[in-house]
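The following exercises concern a single protein model.

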Amino acid sequence: MMALTQRVERQLDRSVDPAVAAFAEVLARKAGAVGALFYGSNLRTGELEGVLDFYLLTPGPQLDRIWPRVSYHEWDYQGTTLRAKVATMPISLFHDAASGMLRDTTIWARFVQPSGLVWRCDESAKQQIVAAIEAAAGTAARFAAALGPQSGSESDFWRALFQETYKAEFRVEKSGREDSILSLNRDHFDGLLPLAWQHTGIEFREAGGALTVDWRGGEKGQILRQWRSKRRWGKPLNVIRLLKASTTFEGAARYAGWKIERHTGVPVKITPWREKHPVLAAPAVLFSVWKAKGRRN
């Protein structure tokens, strides 16, 4: 078994709170998924408060032109209400995106970071998901080699990569967000880059704590051309997904209501109409919250 595969398997086999695993199984079985990946800040902290982030991977072909399908769910676990934001997509498409075969950057940039395989239907599904996460690490490492310095530390290469993906994905991130990712997940990234370069055939030297890429022929130029193509499509794809999510986000009204109450302290009543038309209902909801805050103040 290759070293990168072993590392990915150890990463995905991390232990999580039993409540997370139970919630993931409920969501996965309801969606007909073969596996559930858990990621985000709650994975790192182990906390159950806030919103848990899951990717559910399903069998079969992709039916929606714009993916993934996003939904919000609440579930009671031993007297505690758990909340989750769930992205759902076919496992075959997930693997293609992780491998860099598509214009998308979000999958491989997200899943080169820590995640846990908290539920799978069988060993075959596990191996498919391991292969996809392994591909995400390889894709990210290839672009990090071309976008990073000629020579530098692992962190220098990862930092350069994340800075470029933030620009491409139309995301508003605080300055230094990439440093937070690297410092909070130091154990995850330590030693990952050389393994991923070996896996993808990037030649390099290591001396004095610095990595130096040994480019062959037009290899770097080819990777940079691929990156420029992905960068051109990054923002349009993200805008299209945001527009789709505004009308197809299952449970959007409940998610928004929870967020508003969490941040303002004002409870929001979710009526059937508001549940069905969250975008149309938003102005009236925000106005009522504003009035309620005014009365309270």
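This is a predicted model: local features need pLDDT of at least 70, side-chain atom pairs count only at pLDDT 80 or more; totals for chains, interfaces and linings use all residues.

**Exercise 1. Determine whether Ala-98 is buried or exposed, and list what it touches.**

Step 1. Ala-98 lies in helix α4, residues 91-98.

Step 2. Its relative accessibility is 1%, so Ala-98 counts as buried.

Step 3. Not counting residues up to four places away in sequence, Ala-98 touches Ile-107, Trp-108, Ala-132, Ala-135, Ala-136 and Thr-139.

Step 4. The C-alpha atoms of Ala-98 and Gly-138 are 8.8 Å apart in space, although the two residues are 40 apart in sequence.

**Exercise 2. Classify the crossing of helices α7 and α10.**

Step 1. The axes of α7 (residues 154-168) and α10 (residues 192-200) come within 9 Å and cross at roughly 75 degrees. Axes are lines fitted to C-alpha atoms, for helices over the stretch in contact, and angles run from 0 to 180 degrees between N-to-C directions.

Step 2. The two helices, α7 and α10, are therefore roughly perpendicular to each other (under 35 degrees is roughly parallel, over 145 roughly antiparallel, 65 to 115 roughly perpendicular, and the rest oblique).

Step 3. On the α7 side the contact is made by Glu-154, Phe-157 and Trp-158, and on the α10 side by Leu-192, Leu-193, Pro-194 and Trp-197.

Step 4. By class, this contact has 6 nonpolar, no polar and 1 charged residues (Ala, Val, Leu, Ile, Met, Phe, Trp, Tyr, Cys and Pro count as nonpolar, Asp, Glu, Lys and Arg as charged, and the others, Gly among them, as polar).

**Exercise 3. How many aromatic pairs are there, and where do charges sit over rings?**

Step 1. Rings of Phe, Tyr and Trp (its six-membered ring) pair if their centres lie within 6.5 Å; planes under 30 degrees apart count as stacked, over 60 as edge-to-face and the rest as tilted. The count by this rule is 17 aromatic pairs.

Step 2. For Trp-158 and Phe-162, the ring centres are 6.4 Å apart and the planes at 20 degrees, so the pair is stacked. Both residues lie in helix α7, 4 residues apart, about one turn of the helix.

Step 3. For Trp-197 and Phe-204, the centres are 5.3 Å apart and the planes at 55 degrees, so the pair is tilted. Trp-197 and Phe-204 are both buried.

Step 4. One aromatic cluster is formed by Phe-23, Phe-38, Phe-54, Trp-75 and Tyr-77.

Step 5. Arg-103 lies over the face of Trp-233, 4.0 Å from the ring centre, and Arg-142 over the face of Phe-143, 5.7 Å from the ring centre. The criterion is NZ of Lys or CZ of Arg within 6 Å of the ring centre and within 35 degrees of the ring normal.

Key:
Residues are numbered from 1 along each chain as its sequence is written. Side-chain values use heavy atoms; hydrogens and water are left out. Contact means heavy atoms within 4.5 Å. Buried means under 20% relative accessible area, exposed over 50%, partly exposed in between (1.4 Å probe, protein chains only).
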